[in-house]
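Reader: I am new to this structure, and I would like to learn how to read its salt bridges. Could you take me through them step by step?

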Amino acid sequence: MYEINPGILGENPFKIIGEDWMLVTAGTIEAYNTMTASWGGMGVLWDKNVVFVFVRPQRYTYRFAEKSDYFTLSFFEEEYRKVLRFCGTHSGRDVDKIEKTGLIPFTTGRGGVAFRQARLVMECRKLYAGNLLPGDFLDTALEKKIYPQKDHHRLYIAEITSCLMM
């Protein structure tokens, strides 16, 4: 993998996040979890190239994201769709996702965890975390549809500290 400036990435965030999906990974190589996500975005905020992702508190990855200053986003070719589906439908509490999927973890420059099979990895430093709050939705029908059990996501906004491509 080689490092590039995220400003020249040339990827469509609607496609790579919403259609292709990504793995959000938090923790250290000694203790981490990864989960599949298809919600999030990229942009510029506070004069920084940022990503934003959402994690529900009941997800196993949440505890690692809360303790870590960094997390990674890993993007894969279509041939890894089954791996992404597996990581999104099984909890790291119950199964060793790495053993079951054959993913090969590695430590990023700032101690995060990503995967050798990824075609693109973003290492991200958390800048902000906040909960989506009940009652703050202007579209109340959306809140009722997405959060019928009141399990609102936590939002993380993070600076892209490095961007690695295969």
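Author: Let us begin with one residue in this predicted model: R110 is partly exposed, with a relative accessible area of 43%.

Reader: Which residue does the side chain of R110 meet in a salt bridge?

Author: The general idea is that side chains of opposite charge can pair when their charged atoms come close. In this case R110 pairs with E123, at 3.3 Å from N to O, and E123 is buried, with a relative accessible area of 1%. Because E123 lies in strand 9 (residues 120-131) and R110 in the loop between strand 7 (105-107) and strand 8 (113-115), the pair ties together parts that are 13 residues apart in sequence.

Reader: How many salt bridges does the structure hold?

Author: The structure holds eight salt bridges. One of them joins D151 and R56, whose closest N and O atoms are 3.1 Å apart; D151 sits in the loop between helix 5 (140-146) and strand 10 (154-165), while R56 sits in the loop between strand 5 (48-55) and helix 2 (60-67), 95 residues apart. With a relative accessible area of 16%, D151 counts as buried, because the cut-off for that word is under 20%.

Methods
Residues are numbered from 1 along each chain as its sequence is written. This is a predicted model: local features need pLDDT of at least 70, side-chain atom pairs count only at pLDDT 80 or more; totals for chains, interfaces and linings use all residues. Side-chain values use heavy atoms; hydrogens and water are left out. A salt bridge is a side-chain nitrogen of Lys or Arg within 4 Å of a carboxyl oxygen of Asp or Glu. Helices (H or I, at least four residues) and strands (E, at least two) are DSSP runs, numbered from the N terminus. Buried means under 20% relative accessible area, exposed over 50%, partly exposed in between (1.4 Å probe, protein chains only).
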